[in-house]
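Hi,

Here is the structure I said I would pass on. Have a look, and then read on for what turned up.

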Amino acid sequence: MKLIKNLLKKIRAKLYHNSDNNIYYGEFIGSVNFWRLVKWNFLYFEKILFSIKNRQIKLINYFINKFKIKKIKNTFIKEKLQFLNNNGFIVLENYFDENIIEKIIKDNETIIANLKSQKRNENSYHRFRGVPLTDNLIKIWLDENIIDIMENYLNTKLYSRMYPAINYTHCAYERTSKEIHTKKIKEQVASYWHVDYTNTISVTVFLSDVDKSKTRMQVVPKSHFNLNSFFKISDEAIEESKKSVVDCVGKKGSVLIHCGNIIHKFKGVSNSDRLQLTSVFSSGTNLALNVNHISSCLSKNFDIDSLDTRKRNLIKGIFPISIRQGYEMQNEKIFPTSYKGL
Ligand SMILES: [Fe+2]
């Protein structure tokens, strides 16, 4: 069975891409070309089925959201949601006050110092998952406006997929996809065009100022409408498409929200690093439940059940709620106990 599966895997990979050229080579066989994406989605139909099941065909949601936006009264949410719906990303410039950002940095100075001490003379990515929860961190991680924007955008109930994380990225070399391919470089940072999960949405809070002269994220606006493949995309494919590329920049406290299906990459600038607080939300799949991260998040004795109902429900996939009859195992999977009696 495994042999047949592997054979089928190879056959469809060959049917999708047979010989390398200047645009499609090595691992960089993802595309923005309409007909190539049609071919990919025909061969790798599971992704479309997954997107349909999660109601995450972005073009359909675009029209649903467009109608919904008209009814939103809060002008801030209305405006930002409209931009996100049209482009697949948005930067909320100077959204959080610098004082609260400084407090977060101070509260986590040991974690940050430790991440920075790991930097090597290479492009490296250092992440601390499960930042200890405090009232200030909750204000940033589960901000009401940001949650509203994302929930409206995904057009489904929103769940936190990951524990809040602090990321420190060090860039030693600026790299092109051709260079990564020819020199067989295993990059730790995603310095190549790619998409994340279709049904996720990511929030990045800048803990350091980011401008065009520094290491930053770049996106291809409106590429979230594509039924994108999971392959990496070469710089040449983006250049050939003549699609515009936008730098996601802003001062400390600015917030970048990006749809998982938008084409994006880490744009490194030599000897320029970045520090961010990141979190990811989803329509309820890919929840990265992890007991070590729970323990880390609660290490400052934060009372998770003191959160209001909306916030508590939002994170229940990664901080399961205690239930009266507890859980039961069914085929190695955990479910709430079905028999409610004694
Ligand atoms: Fe990514």
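Helix α5 passes α9 in a right-handed crossing (the near helix is turned clockwise from the far one by less than a right angle; left-handed would be anticlockwise). Before the rest: this is a predicted model, where local features need pLDDT of at least 70, side-chain atom pairs count only at pLDDT 80 or more, and totals for chains, interfaces and linings use all residues. Residues are numbered from 1 along each chain as its sequence is written.

Back to the helices, which are DSSP runs of H or I with at least four residues, numbered from the N terminus. α5 spans residues 75–87 and α9 residues 144–154; their axes lie 10 Å apart at an angle of about 45°. Axes here are lines fitted to C-alpha atoms, for helices over the stretch in contact, and angles run from 0 to 180 degrees between N-to-C directions. The pair is therefore oblique, the class left over once under 35 degrees (roughly parallel), over 145 (roughly antiparallel) and 65 to 115 (roughly perpendicular) are taken out.

On the α5 side, F76, I77, K80, L81, L84 and N85 meet N145, D148, I149, N152 and Y153 of α9 (contact: C-beta atoms, placed from the backbone, within 7 Å).

There is also an open sheet of three strands, ordered β7-β6-β9 with antiparallel pairing (strands are DSSP E runs of at least two residues; pairing needs at least two DSSP bridges). β7 (246–248) and β9 (264–267) are at the edges with a single partner strand each, so one side of each has no neighbour in the sheet. β6 (residues 216–219) pairs with β9 over four bridges, and R216 sits opposite K267 in β9.

Cheers

Key: Two residues are in contact if their C-beta atoms, placed from the backbone, lie within 7 Å.
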